[in-house]
Amino acid sequence: MLILRMAMGNESVDLKKRAFLTRTSQALGAIAVCGAAIPLVQYLKPGREAAMSSLPVEFDLSGLKPGDQRTVLWRGKPIWVIRRTMEQVTALNKINPNLSDPNSQIEQQPEYAKNPYRSLRPDILVLVGLCTHLGCAPTFRPEPKAIDEDWDGGFFCSCHGSKFDLAGRVYKGVPAPTNLEVPPYYFKNDQLLVIGAHEA
Ligand code: FES
């Protein structure tokens, strides 16, 4: 009888302990969730939220030197902004026989970017930084011969080997079917680029 009572006493102590541990772990879990949510909310507001929305985003060109590339998010997509050098701009005028759509016949750009530079201003290139094959992110490789002997600089997609020149024009014989996309954009002034809208 004594042994039974002692056993029941231990059991009730165990149940109390278990209830206490459950409440404690639930409280700690709630704290952890709140702790994780705060940085996430901070991450989403306001820059990330704007980048995911369809609203236009502005980019200040003043820190972009010739040869530089930057990435901006618009509608959740990476948008490249590149300031091409004089030599790179001049090279775009030579029609490279290895390009698949050198005159941008396929609709991958607004009308104002249907020219040898595929841009409003010859020096500033604005492109959606996603390969037109399966959407990998190509890398900016401006150095001549960086990829092969005939390479004049451009963008290389290492997923399946697609190549694009410094205007985002696709090479022949690669998996990507079209040139890289040019998003809508305009210049508010000499130093301010607006991505995601045409000029009003
Ligand atoms: S996704 Fe770029 S080559 Fe396939």
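Mentor: Start with the term itself: two strands pair if DSSP finds at least two bridges between them. Strands are DSSP runs of E, at least two residues long, and helices are runs of H or I, at least four long; both are numbered from the N terminus. The structure is a predicted model, where local features need pLDDT of at least 70, side-chain atom pairs count only at pLDDT 80 or more, and totals for chains, interfaces and linings use all residues. Residue numbers start from 1 along each chain as its sequence is written.

Trainee: How many helices and strands does the protein chain have?

Mentor: Two helices and nine strands. Along the sequence the pattern reads α-β-β-β-α-β-β-β-β-β-β.

Trainee: What makes β6 and β7 a pair?

Mentor: Four bridges join β6 (residues 154-157) to β7, and the two run antiparallel. Pairing needs at least two bridges, so the term applies. Across this pair, Cys157 stands opposite Ser162 in β7.

Trainee: Which strands make up the open sheet that holds β6?

Mentor: Three strands, in the order β5-β6-β7, with antiparallel pairing. β5 (139-141) and β7 (162-165) each have a single partner strand, so one side of each lacks a neighbour in the sheet. From one strand to the next, the twist averages 25°. Axes here are lines fitted to C-alpha atoms, for helices over the stretch in contact; angles run from 0 to 180 degrees between N-to-C directions.

Trainee: Why do β1 and β8 stand at the edges of their sheet?

Mentor: That open sheet has three strands in the order β1-β9-β8, paired antiparallel. β1 (57-60) and β8 (185-189) have a single partner strand each, so one side of each is left without a neighbour in the sheet. Neighbouring strands of this sheet are turned by 30° against each other on average, direction ignored.

Trainee: How many bridges does β9 make with β1 and with β8?

Mentor: Four bridges join β1 to β9 (residues 192-195), which run antiparallel. β8 and β9 also pair in the antiparallel sense, over four bridges. Each pair is set against a threshold of at least two, so each passes. Asp60 stands opposite Leu192 in β9. Tyr185 has Ile195 as its bridge partner. β8 and β9 form a hairpin with two residues between them.

Trainee: Is Asp60 called buried or exposed?

Mentor: The cut-offs count other C-beta atoms within 10 Å of a residue's own: 20 or more is buried, 12 or fewer is exposed, and anything in between is partly exposed; C-beta atoms are placed from the backbone. Asp60 has 10 C-beta neighbours inside 10 Å, so it counts as exposed.

Trainee: Which residues does Asp60 contact?

Mentor: Contact means C-beta atoms, placed from the backbone, within 7 Å. Leaving aside neighbours within four places in sequence, Asp60 is in contact with Gln191 and Leu192. Asp60 and Asp190 are 130 residues apart in sequence and 9.4 Å apart in space, C-alpha to C-alpha.

Trainee: How do you know that β3 pairs with both β2 and β4?

Mentor: Count the bridges. Six join β2 (residues 69-74) to β3 (residues 77-83), antiparallel. Five join β3 to β4 (residues 124-128), also antiparallel. The definition asks for at least two, so both are pairs. Arg70 stands opposite Val81 in β3, and Ile79 stands opposite Val128 in β4. β2 and β3 form a hairpin with two residues between them, and Arg75 in the turn has a positive phi of about 55°.

Trainee: What makes a set of residues a nonpolar core?

Mentor: The members are buried Ala, Val, Leu, Ile, Met, Phe, Trp, Tyr and Cys residues joined through C-beta atoms within 7 Å. The largest such core has 23 residues; among those touching the most other members are Ile79, Trp80, Leu127 and Ile195. β3, β4, β6 and β9 each give two or more residues. β3 gives the most, with four residues. Not counting residues up to four places away in sequence, Trp80 touches Gln69, Thr71, Leu127 and Gly129. In the whole chain, buried residues make up 21% of the 200 residues.

Trainee: Where does pLDDT stay under 50?

Mentor: pLDDT is the predictor's confidence in each residue, from 0 to 100. It stays under 50 over residues 1-9, with zero contacts beyond four places in sequence. It also stays under 50 over residues 27-46, with two such contacts. The chain mean is 83, and 74% of residues reach 70 or more. Where pLDDT is low, the predicted coordinates should not be read in detail.
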